[in-house]
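Let's walk through this model together, one question at a time. Keep the viewer open as you read.

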Amino acid sequence: METRGNSLASVTGTDGTKRRVCYFYEPEVGNYYYGQGHPMKPHRIRMTHALLYHYGLLDRMQVIRPVPARDRDLCRFHADDYVAFLRAVTPETQHDQLRALRRFNVVDDSPVFDGLFTFCQTYAGASVGAAVKLNHQHHDIAINWAGGLHHAKRCEASGFCYVNDIVLAILELLKMHERVLYVDIDIHHGDGVEEAFYTTDRVMTVSFHKFGDYFPGTGDIHDTGFGKGKDYAVNVPLDIGMDDDSYESLFKPIVSKVMEVFRPGAVVLQCGADSLSGDRLGCFNLSVKGHAECVRYMRSFNVPLLLVGGGGYTIRNVARCWCYETGVALGIEIDDKVPPNEYQGYFAPDYTLHFAASNMENKNSRQSLDDIRTRILDNVSKLQHAPSVQFQERPLDTEFPEEDEDQQDENERYDSDSDSEMDDPSPVDETSSRPPAKNTQNIRAEKDFVENGVKDQESRKLAAECVKGVEVMGEEMPSCSKTSGIESMEIDEPSNMKVKEDKHAAP
C-alpha cells in the first residue's frame with residue numbers, strides 16, 4: 001500500500017532523516033473491557049492500528065506481535081504476591097477476596113475485568129520487548145501504544161494502571177545504557193515511574209502535568225528526588241488550558257538542558273493523549289500537532305527512543321494523535337484527510353486527522369511559565385556531570401521470542417473482520433463502545449479521584465527503595481506485606497562502563 005504522505009523534511013524543514021522503527025501490536029488488545037461507563041477503553045488501540053493500516057504506515061516499519069510477559073518478568077519490579085493476585089483474581093471470584101482487593105487497590109477506578117492478567121502481560125511484554133529491540137540496536141525507535149500505564153506501583157494498582165510497563169522497560173534499557181531519560185506528557189503526573197526511580201541517578205524522570213487538586217495529587221516542582229537521586233526528578237506543574245505555544249515554551253528548553261547535562265543513552269517518552277484539547281478527563285488545550293511536536297523534538301536527538309501510550313479518553317482523538325505521531329516517528333507527514341476505514345463514523349463530520357483546539361482560557365500566565373522554566377533550568381544546571389557506573393559484565397536480555405508480523409501473509413497482518421461484532425463504523429457514543437459486562441462497576445473518573453495530600457519525602461524514599469536496585473530477573477522478590485517492608489533490589493549494571501566522568505558531559 002502506498003503511504004499517503006511525504007517526508008517531514010520536505011514538509012516542515014525539520015529532521016526528516018529516516019529511522020528504523022518497530023511497532024508492537026497485539027490484535028486482541030481491543031477486546032479487553034474495563035466495564036460499563038469506564039473511561040479507559042483499550043478499543044482505542046485497535047482504532048489507532050486501523051488508521052496506521054489504511055494510511056500505509058505498517059508497510060514502513062517492522063510490525064511485531066508481542067510475547068506476553070511472564071510472572072518473573074513482572075516481578076523484576078512488582079511484588080510477587082501482587083502479581084500472583086492479579087493472575088488469580090476474576091470477576092467471578094473477586095467478591096471472595098475483598099481484603100486483597102483493598103490491599104492491592106484493585107477497586108473503583110482500577111476494577112477487575114475479564115482477562116485482566118492477560119491484558120497486563122500483553123502490554124508489559126510489548127514494552128519490555130521494545131526495550132530489547134533498542135538494546136540490540138536493531139531499531140532506532142520502538143512503539144507500543146498499548147503501554148504507558150505510568151500510575152501502577154510496586155504493590156498496588158492506581159489510576160487504571162495495574163502493571164507499570166514503563167518501569168519494566170527502563171530496567172531492561174539499563175542493562176545496556178548507563179542512563180535512561182523518562183519524559184511524560186500525559187496530563188496526569190507520572191507518579192509510578194518517578195517513585196520507582198526516586199533515589200537513583202541513573203534514571204531521570206521529567207513530567208509535564210496538571211497540578212493542584214488533580215489526580216494523583218503528586219508532582220510538585222519541589223519534588224526533585226532523594227539521596228543519589230536528588231535533582232534527577234523534574235516536575236513541571238501546570239494549570240488548566242495549556243496551549244501549544246505555552247507547552248513548547250517549556251518543553252523544548254527543559255528537555256534540551258536535560259539532554260545536554262544528563263546525556264541519556266536511551267529515552268522513553270510517554271505520550272498520554274489526555275493532554276489534548278477536548279479530552280473527556282483532561283483540561284489542557286493541545287492540538288495533535290502540538291502534542292506531536294514533543295515526539296518530533298525527542299526524535300531529533302537521534303537517541304534510541306521508546307514511545308508508549310498512556311491516558312486518552314476521547315478515543316477518536318487518541319487514535320488521531322497516535323497515528324500522526326507514528327508518522328512523525330517514521331519521518332512522514334501524513335495527509336489530514338482520514339482514509340476510508342471501518343471506524344469512519346468516529347471521525348465524522350469532517351473525517352480529518354487534525355481538529356481545532358477550543359477557546360478555553362489558558363490559566364498559565366507568561367510570568368508563571370517563566371518562573372517554572374527558570375527554576376527547573378537552574379536545578380538541572382546544578383548537575384555538574386552525567387553520572388557514570390562501574391564496569392560489569394552485561395546481564396542477559398529478557399528473552400522474548402516475539403512473532404514478527406512482517407513475515408506473515410499480508411492478508412493476515414490486518415484482519416478488519418477479526419472483531420466484527422465490536423467494530424461498528426457508524427457514529428458511536430464513546431461511553432458505550434462495547435456491550436455491558438456481566439459485572440458492571442461504579443467507576444470514579446480519574447480526574448475526580450484525588451489522594452489525600454501529597455506524599456512526603458520519607459514515604460517517597462521508602463517506596464523508591466524497591467528500585468534502588470532490582471535483583472537479576474528470576475530471583476525471589478520480597479512479599480508486599482506491610483510487615484516485611486520494602487526491600488532493596490539491584491539495578492542491573494550495563495556493559496562496557498568505566499569508573500570515570502563522562503567525557504561528553506557538560507562541565
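Q: What share of the 507 residues in the chain is buried?
A: This is a predicted model, where local features need pLDDT of at least 70, side-chain atom pairs count only at pLDDT 80 or more, and totals for chains, interfaces and linings use all residues. Residues are numbered from 1 along each chain as its sequence is written, and side-chain values use heavy atoms, with hydrogens and water left out. Buried means under 20% relative accessible area, exposed over 50%, and partly exposed in between (1.4 Å probe, protein chains only). On that scale, the buried share of the chain's 507 residues is 61%.

Q: How confident is the predictor on average over the chain?
A: The score here is pLDDT, the predictor's confidence in each residue, from 0 to 100. At least 70 is reached by 73% of the residues, and the chain average is 83.

Q: Over which residues does pLDDT stay under 50 while the model has 96 contacts beyond four places in sequence?
A: A contact means heavy atoms within 4.5 Å. Where pLDDT is low, the predicted coordinates should not be read in detail. The stretch with those 96 contacts is residues 416–459. Another stretch with pLDDT below 50, with 24 contacts beyond near neighbours in sequence, is residues 497–507.

Q: How much of the contact set with a separation of 6 or more comes from residues 24 or more positions apart?
A: Take the contacts in the chain with a separation of 6 or more, then keep those between residues 24 or more positions apart. What you keep is 81%.

Q: How many helices and strands does the chain have?
A: Both are DSSP runs numbered from the N terminus: helices are H or I with at least four residues, strands are E with at least two. The tally is 14 helices and 11 strands.

Q: Which residues of strand β2 point one way, and which the other?
A: In a regular strand the side chains alternate between the two faces of the sheet. In β2 (residues 21–24), all four side chains are buried. One way go V21 and Y23, and the other way go C22 and F24.

Q: Which residue in β4 is the bridge partner of C22?
A: Strands pair if DSSP finds at least two bridges between them. β2 and β4 run parallel and are joined by three bridges. For C22, the partner in β4 is A142.

Q: What is the hand of the crossover from β2 to β3?
A: Strands β2 and β3 (residues 62–65) are parallel and joined by three bridges, with F24 opposite I64. The chain gets from β2 to β3 through helix α2 (residues 43–54), a β-α-β crossover. A crossover counts as right-handed if, with the strands pointing away from the viewer, the path from the first strand over the helix to the second runs clockwise. This one is right-handed.

Q: How many aromatic pairs does the structure hold?
A: Rings of Phe, Tyr and Trp (its six-membered ring) pair if their centres lie within 6.5 Å; planes under 30 degrees apart are stacked, over 60 edge-to-face, and the rest tilted. Ring pairs also link Y32, Y34, F113, F119, Y123 and Y162 into a cluster. The pair count for the structure is 19.

Q: What kind of aromatic pair do F208 and Y247 form?
A: F208 is in strand β6 (residues 203–210) and Y247 in helix α9 (residues 244–262), 39 residues apart. F208 is buried at 1% relative accessibility, and Y247 is buried at 3%. With 5.8 Å centre to centre and 40° between the planes, the pair is tilted.

Q: Is N302 buried or exposed?
A: N302 has a positive phi of about 55° although it is not a glycine. Its place is the loop between α10 (288–299) and β9. With a relative accessible area of 51%, N302 is exposed.
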